[in-house]
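Thanks for coming. I will go through one structure today, starting with its aromatic rings and then moving to its sheet and one of its helices.

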Amino acid sequence: MSTQLTELFDNNRRWAEETETREPGFFTRLLSQQTPQYLWIGCADSRVPANELVDLLPGELFVHRNVANVVVHSDLNALSVIQYAVDSLKVQHIIVVGHSNCGGVKAAMNSWRVGLADNWLRHVQDVRHQHRAWLNQVDSAVQVDALVELNVLEQARNVCTTTVVQDAWGRGQTVVVHGWVYGLHNGLLQDLSMTVAGAADVEVAYEAALAGIHARYTVMA
């Protein structure tokens, strides 16, 4: 790999040429509009490329990523993304996506010290503490993935309780919040059935999705 990263520029030129050949005028159209239907809130892990996983082109998926796909009410970065997506872009779906064998979740599960990120991962440890009694009954080989799923539920519920989403629902705007998990081992997305279309549905959907996780990992045990 060169110090100037010329190989990446070469890749970029080839991609741009192939895209324009396949769809003449693609970049001109993209310049004039951004109308995604979806906001993807996912992990920063390089193995989870949002657009590619769902086979969507640039402009079709609005994306926010951070370590362990966390959404907390003090994170102005995530909240700003959500507000722009909902209020300006009028996305209709917000999808919180975790992934199997997540390094951030693994660190939180095992109380590993990894540096500055320890402070961020305290949010995931809070999820671990909340569900500690049940997690202790789960086979140690799958505890991390169980916490990955629990974390998705908690972060999706956090999205639902943001003022942005609550206000959107209050004015009758269509916004549906989802919780998914991506399998690094098979490349497939799994719907955790945390699907919320209104304020009255949040806790009902959360409890149903939580029961689904409990049932699935009980079978594994």
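A definition to begin with: rings of Phe, Tyr and Trp, for Trp its six-membered ring, pair if their centres lie within 6.5 Å. Please keep in mind that this is a predicted model. On that definition, Trp15, Phe26 and Phe27 form one aromatic cluster.

Across the whole structure, a search finds four aromatic pairs. Take the rings of Phe26 and Phe27: the centres are 5.1 Å apart and the planes stand at 85°, so this pair is edge-to-face, the cut-off for that being over 60 degrees. Phe26 is buried, at 6% relative accessibility. Phe27 has a relative accessible area of 29% and is partly exposed.

A tilted pair is formed by Phe62 and Tyr84, with 5.8 Å from centre to centre and 45° between the planes. What does this pair tie together? Phe62 belongs to strand 2, residues 61–66, and Tyr84 to helix 4, residues 76–88, so the pair links parts that are 22 residues apart in sequence. Phe62 counts as buried at 16% relative accessibility, while Tyr84, at 40%, counts as partly exposed.

Val181 stands opposite Gln190 of strand 5.

Next, helix 9, residues 163–170. Its residues Val164, Val165, Ala168 and Trp169 are buried. Viewed down the axis of helix 9, the buried residues fall within an arc of 130°, so they line one face of the helix. Thr163 and Gly170 are exposed, and they are on the face of helix 9 turned away from its buried side. After helix 9 comes Gly172, with a positive phi near 85°.

The charged end of Arg157 sits over the ring of Tyr206, at 3.8 Å from the ring centre.

That is the end of my part.

Terms used:
Residues numbered from 1 in each chain as written. Predicted model: local features only at pLDDT ≥ 70, side-chain atom pairs only at ≥ 80, totals over all residues. Heavy atoms only, no water. Phe/Tyr/Trp six-rings, centres within 6.5 Å; stacked < 30°, edge-to-face > 60°. Buried < 20%, exposed > 50% of the residue type's maximum accessible area, 1.4 Å probe, protein only. Helix = DSSP H or I, 4+ residues; strand = E, 2+ residues; numbered from the N terminus. Lys NZ or Arg CZ within 6 Å of the ring centre and 35° of its normal. Arc of directions from axis to C-beta. Pairing = 2+ DSSP bridges.
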